[in-house]
Amino acid sequence: MTKEIVIAPSILAANFARLGEEIAAIDAAGADWIHCDVMDGHFVPNISFGADVIKAIRPFTSKTFDVHLMIAPVDSYLEAFAKAGADIITVHAEAGPHLDRSLQAIRALGKKAGVSLCPSTPESVLDYVLDRLDLILVMTVNPGFGGQSFLGSQIEKIQRIRAMIGDRPIQLEVDGGVTRDNAAVVAAAGADTLVAGSAVFRGNSGADYANNIAAIRVAAEAGRVPRRNHGSAPTARADEGELVR
């Protein structure tokens, strides 16, 4: 059965001066998950926030906290993020030498385990850990900064990972430059979970956020129609992920 589309706004694009209010606003606006991008200035060239911030904002919503750790080393911090309120903890395949061990540690903490792939990382790194995963995150930008342009070259990777997943209960998430303009092609490729930052937090009110989330959701659902009908799916141009039929 096809999973419902999940929209996970990235709070990296929120107003940090009123982060709790922003969390509550996207919750009310229809966000399914809250995506938390944690950056360390080492694995990626930026610093965002840590476990203490996640703990502080946890009371503002009961929605799933989808915590994406762009940090290395990662294993020694897993417990802190689990205790802070993460529901899903995603680590990068590139962030450490023992991916299987990291995923086991996340599961042992009672959390769902995810793995993220940078654009240059092949999906073959997933071959021996698929059965330890609850989520696979495909980066469609190089991680480190919000507001980057979508890399259409990743569409074929998304398609191949969807085939690898098969009937396993694994969410296939896409993060990086996702907007209402490319959500259709992302969903048509097989993604069921879309992270969007700037495209959601554009505007200055909860009503704006609700309209933005709804537009992304409608576009993604429209993109899935060919797959449901077993017809030809849209593909993407190699630059911006432009929809082509």
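Helix 4 (residues 99–108) has Leu99, Ser102, Leu103 and Ile106 as its buried residues, where buried means under 20% relative accessible area, exposed over 50% and partly exposed in between, with a 1.4 Å probe and protein chains only. Helices are DSSP runs of H or I with at least four residues, strands are runs of E with at least two, and both are numbered from the N terminus. Seen down the axis of helix 4, the buried residues fall within an arc of 95°, so they line one face of the helix; the arc is that of the directions from the helix axis to the C-beta atoms. An α-helix has 3.6 residues a turn, so residues three or four places apart point the same way. On the other side of helix 4, Arg101 and Ala108 are exposed. The buried residues pack against helix 3, strand 4 (88–92) and strand 5 (112–117), a contact being heavy atoms within 4.5 Å.

The model is a predicted one, in which local features need pLDDT of at least 70 and side-chain atom pairs count only at pLDDT 80 or more, while totals for chains, interfaces and linings use all residues. Residues are numbered from 1 along each chain as its sequence is written, and side-chain values use heavy atoms, with hydrogens and water left out.

Helix 5 (residues 155–165) buries Ile155, Lys157, Ile158, Ile161, Arg162 and Ile165. These residues cover an arc of only 155° around the axis, which puts them on the same side of helix 5. The face turned away from that buried side carries the exposed residues Glu156 and Ala163.

| Helix 4 | 95° | Gly110, near 85° |

Ser153 is placed in the loop between strand 6 (135–139) and helix 5. At 46% relative accessibility, this serine counts as partly exposed. Ser153 and Pro119 are 34 residues apart in sequence, with 8.3 Å between their C-alpha atoms. Ala28, by contrast, lies in helix 1 (residues 19–28) and is exposed, with a relative accessible area of 71%. A cis peptide bond, with omega about -5°, joins Ala72 and Pro73; Pro73 is found in the loop between strand 3 (64–70) and helix 3 (78–84).

The largest pocket has a volume of about 310 Å³. A pocket is an open set of points on a 1 Å grid over the protein atoms alone, where a 1.4 Å probe fits, with protein on both sides within 12 Å along at least five of seven lines; lining residues have an atom within 4 Å of a point. Grid points are joined across faces, edges and corners, and the volume is the space filled by probe spheres set on the points. Of the 26 lining residues, the closest to the pocket centre are Gly146, Gly147, Asp175, Gly177 and Gly197. Strand 2 (33–39) and strand 8 (193–196) are the elements that give two or more residues to the lining.

Overall, the chain comes to seven helices and ten strands. Of its 245 residues, 53% count as buried. The C-alpha atoms fill a box of roughly 45 × 45 × 35 Å, taken along the principal axes. Among contacts between residues at least 6 apart in sequence, 65% join residues at least 24 apart.
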